[in-house]
Amino acid sequence: MIRTLLAVVALLCSQAAWAGELTLDTVLRASARHQPLVLEAMARQRAADARTLAAQGLFDMVFDAEVQARPLGYYDNALAEAKLTRPFATNGGQVYGGYRVSSGRFAVYDGKNVTNALGEVRAGAVFSLLRDRLVDERRTKLAQAQADAEIAGLDQAMVMIGVQRRAADAYQQWVAAGLRMRTYRDLLALARERQASIERQVTLGARPAVLAVENRQNIVRREALLVRAEQDLAVAAQALSLFWRDDLGQPVVAQPEDLPAAFPEGVAPRLADTATVLAGRPDLQILLNRAEQARLRGDLAGNDLLPRLDLRVEAAKDFGSGSPTRVPGEVMFGVRLSLPLEQRAARGRLAEAQADADALTHRLRLAEQQITADLASLRVQVSGAERLATLAGDEAGLARRMAEAERRRFALGASDFLPVNLREEAAADAQLRQIDAQYRHAAARAELAASLMDSASLGLD
């Protein structure tokens with residue numbers, strides 16, 4: 001119960017802090033912090049980082065210990081052994097060291113288990129000379145995991161940019177819907193004001209009674225337009241609530257009183273040349289990382305084609321009383337050769353990796369060409385939409401002046417109902433076209449900012 005009350009208080013406080021005009025910056029900041037898709041991308045990034053940590057564990061030091069005893073039998077003995085092993089970070093081999101001590105009687109064939117009284121210390125290393133020298137499975141898994149973590153970070157950046165673009169579009173659609181509603185509400189208010197004047201004139205006999213009926217019909221039609229506009233605004237507010245959230249991450253439904261007075265400027269994308277944009281695009285970087293992962297798989301498959309040639313170096317020393325033959329220190333060198341006679345599996349993996357790399361190269365080239373074309377198209381759309389918005393604003397201003405002049409003429413008895421009604425509706429239509437043009441301009445700017453990966457203008461910095 002207390003938790004529920006605290007949540008309600010926090011919600012009311014957050015809504016009170018947002019009282020007034022809702023701005024795009026407020027929506028973008030809330031979306032960047034609380035939108036579930038953003039939080040999901042962050043969680044995927046953490047999971048990728050965890051997989052990298054797990055891959056680093058392949059190079060962890062390993063401790064092994066073993067104790068065995070044979071209390072009954074002709075050869076009664078005991079043996080204890082401990083060993084530390086750590087793989088090399090730059091070679092497929094490993095370094096190791098250990099200690100063992102034994103007591104009792106051992107059979108001749110178990111002579112290697114016999115140590116002097118204080119035991120034996122042993123240290124050595126194994127070096128890969130051919131297979132696993134430059135590339136091995138451990139290093140490849142680590143490199144793949146690091147590439148996956150980088151891809152997750154790039155994917156997170158793309159998700160956040162996409163969410164912010166949709167947040168900006170939802171806000172702009174809500175503003176456009178609100179301004180349309182205001183246009184129809186103002187249009188309805190004019191008809192209602194005129195109805196009172198017409199009814200007075202009808203009462204005085206200055207106007208025919210049918211004019212009052214015709215204006216009431218006009219009022220009903222404009223009321224219907226207003227109702228539809230209010231419905232569209234409510235739908236747009238629900239869509240916006242997916243991005244505008246309180247401090248608890250809960251959706252907040254915008255109210256009509258939160259609307260700005262005029263259509264805001266919206267996103268202001270930065271200026272950048274195409275080469276700079278291509279170098280910073282996460283989707284292209286993801287393809288490059290995928291190509292690098294294909295190269296790593298190919299290198300590992302090529303490594304499997306090589307024969308295994310390992311060099312082993314070991315030194316050992318017994319301490320304490322015992323056989324004099326075990327008192328001097330020992331140094332041992334050994335070489336191990338393993339040559340696979342059939343390598344179809346490795347050749348198949350190598351061919352597959354090379355084919356994947358070629359496919360990614362073609363996809364990368366197409367993506368670069370597509371992005372270049374999209375950027376050029378979006379720049380044209382932004383420029384054209386800006387000009388159309390300016391022209392639509394000029395047209396709306398002129399239409400309002402004509403409507404106001406016609407209303408004055410109607411009030412003076414120099415005009416009829418039909419012309420003034422047509423002028424008002426023409427002014428309203430011009431204002432609606434201006435709103436649509438402003439929305440298209442703002443939407444094109446937001447789309448261009450997303451294509452430019454302009455995180456600052458989308459509220460991510």
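**Packing, cores and salt bridges in a predicted model**

At 23% relative accessibility, Asp304 counts as partly exposed. Here buried means under 20% relative accessible area, exposed over 50%, and partly exposed in between (1.4 Å probe, protein chains only). The model is predicted, so local features need pLDDT of at least 70 and side-chain atom pairs pLDDT 80 or more, while totals for chains, interfaces and linings use all residues. Residues are numbered from 1 along each chain as its sequence is written, and side-chain values use heavy atoms, without hydrogens and water.

Asp304 forms a salt bridge with Arg349 (2.8 Å, N to O). A salt bridge is a side-chain nitrogen of Lys or Arg within 4 Å of a carboxyl oxygen of Asp or Glu. Asp304 lies in helix α7 and Arg349 in helix α8 (residues 344-411), so the pair ties together parts 45 residues apart in sequence. Helices (H or I, at least four residues) and strands (E, at least two) are DSSP runs, numbered from the N terminus. Arg349 is partly exposed as well, at 38%.

By this rule there are 30 salt bridges. One of them joins Glu120 and Arg100, whose closest N and O atoms are 2.8 Å apart. Glu120 belongs to strand β4 (residues 120-128) and Arg100 to strand β3 (residues 94-104). Glu120 is buried, at 5% relative accessible area. Arg100 is buried too, at 10%. Arg312 and Glu314 also pair (3.0 Å, N to O). Arg312 is partly exposed, at 36%, whereas Glu314 is buried, at 7%. A network of salt bridges links Arg194, Arg221, Arg222, Arg407, Glu424 and Glu425.

Helix α7 (residues 282-304) packs on helix α4 (residues 137-204) at about 170°, with axes 9 Å apart. Axes are lines fitted to C-alpha atoms, for helices over the stretch in contact; angles run from 0 to 180 degrees between N-to-C directions. The two helices are therefore roughly antiparallel, a label for angles over 145 degrees. Contacts (heavy atoms within 4.5 Å) involve Ile151 and Leu154 in α4 and Ile286 and Leu296 in α7, among others.

The largest nonpolar core has 47 residues. Such a core is a set of buried Ala, Val, Leu, Ile, Met, Phe, Trp, Tyr and Cys residues joined through side-chain atoms within 4.5 Å. Helix α4 gives the most to this core, with 16 residues. Leu22 is among the residues with the most contacts inside the core. Beyond its neighbours within four places in sequence, Leu22 touches residues including Val27, Tyr171, Trp174 and Pro260.

How values were computed:
Angles under 35 degrees count as roughly parallel, over 145 as roughly antiparallel, 65 to 115 as roughly perpendicular and the rest as oblique.
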